[in-house]
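Here is a short report on a predicted model.

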Amino acid sequence: MNLETGATTERALVLGPGGPVGTAWMAGLAGGLRSTGVDLGGADLVIGTSAGAIVGALLATGQDPGRLAAPGVRTGPAAPGGEVDAARLGSVFALLGEAGLEPGEARRRVGRIALDHADSPSGPDAERALLAGRAALIGVGGWPGRRLLITAVDAATGEPVVWDRTSGVPLVQAVAASSAFPGAEPPVAIGGRRYMDGALRAGTNADLAAGARTLVVVEPLAHLFPREPLEEQPESAGARTVVTLVPDPDAVRAFGPDLQDLAQWEPAYRAGLAQASAAAERLRPVWNTGTGTA
């Protein structure tokens, strides 16, 4: 990692994991906010993880989130036949839920599952399909001038990585690796290593925005993986204002039970659009000025 340092971060945007339906919801939310005059793409720093890497790349490169209003390109499982490997996925979640298992060891064991997929007969075709699908989704080939961080995990070592435009990793490969959850997608080969979903590092990875004066965290999976809210500390202490945006009950219903179900893409996008007005009321005082409370 050769991450850019020294830049002052007034406004940071953290976009978390969420599968295809979470991608659609975040795109709808960002598009709706943009129409109200709150442009999340104006962040000084964008941190994207998994689904958030897709939407983050879109926003940081100045594109209209509305281009993701419908799943016109391949967005879901890259395996031949477009099927999630339920057995692999179940094994991954069993490991992640195992009490007492050290996080690094859990990531290494999950990585072995991912590498088994890569080494299977369908692995190379699945990886090519994943890269093509992500390239079509983000619509650009190069990193933006705006600060964009994308997270992933080394499948062999379990070590987290964070990439930016100085890292020498192509944007499409970074986004694909960050959104390659074992059981749904194969790991992505970069520089002789294979990398998997950045959510395995720390969920939304909001810690990477430490020091930002205003922090907006978008969490598509908050209803499935609730956590203690990020603390808001007094501005006088040199800390930050934090606003967290999560799916409302209508959005959760629109997601359905399967985050990989592309039939729910458009309903999830519309649910994001519908939430934008209320979200804008919370964000406008802090996002357009960089000051205030929410």
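## Cavities

The count comes to two cavities of 30 Å³ or more. Rolling a probe the size of a water molecule over the atoms shows where empty space is left.

## Lining of the second largest cavity

Which residues line the second largest cavity? They are Leu15, Met26, Leu29, Ala30, Leu40, Val55, Leu59 and Val218. By class, eight lining residues are nonpolar, with no polar and no charged residues.

Two helices each supply at least two residues of this lining: helix 1 (19–35) and helix 2 (51–60). Helix 1 gives the largest share, three residues.

## Helix 3 against helix 4

Two packed helices are described by the angle between their axes and the distance between the axes. Helix 3 spans residues 86–96, and helix 4 spans residues 103–118. They pack at an angle of about 165°, and their axes lie 9 Å apart. Angles over 145 degrees count as roughly antiparallel, so helix 3 and helix 4 are roughly antiparallel to each other. Helix 3 passes helix 4 in a left-handed crossing.

## Residues at the helix contact

Helix 3 brings Arg88, Ser91, Val92, Leu95 and Leu96 to the contact. Helix 4 meets them with Arg109, Val110, Ile113, Asp116 and His117. The residues of this contact divide into five nonpolar, two polar and three charged. The lining of the second largest cavity, by contrast, has no polar and no charged residues.

How values were computed
Residues are numbered from 1 along each chain as its sequence is written. This is a predicted model: local features need pLDDT of at least 70, side-chain atom pairs count only at pLDDT 80 or more; totals for chains, interfaces and linings use all residues. Side-chain values use heavy atoms; hydrogens and water are left out. Axes are lines fitted to C-alpha atoms, for helices over the stretch in contact, and angles run from 0 to 180 degrees between N-to-C directions. Helices (H or I, at least four residues) and strands (E, at least two) are DSSP runs, numbered from the N terminus. Angles under 35 degrees count as roughly parallel, over 145 as roughly antiparallel, 65 to 115 as roughly perpendicular and the rest as oblique. A crossing is left-handed if the near helix is turned anticlockwise from the far one by less than a right angle, and right-handed if clockwise. Contact means heavy atoms within 4.5 Å. Ala, Val, Leu, Ile, Met, Phe, Trp, Tyr, Cys and Pro count as nonpolar, Asp, Glu, Lys and Arg as charged, and the others, Gly among them, as polar. On a 1 Å grid over the protein atoms alone, a cavity is a set of points where a 1.4 Å probe fits but cannot get out, and a pocket is an open set with protein on both sides within 12 Å along at least five of seven lines; lining residues have an atom within 4 Å of a point. Grid points are joined across faces, edges and corners, and a volume is the space filled by probe spheres set on the points.
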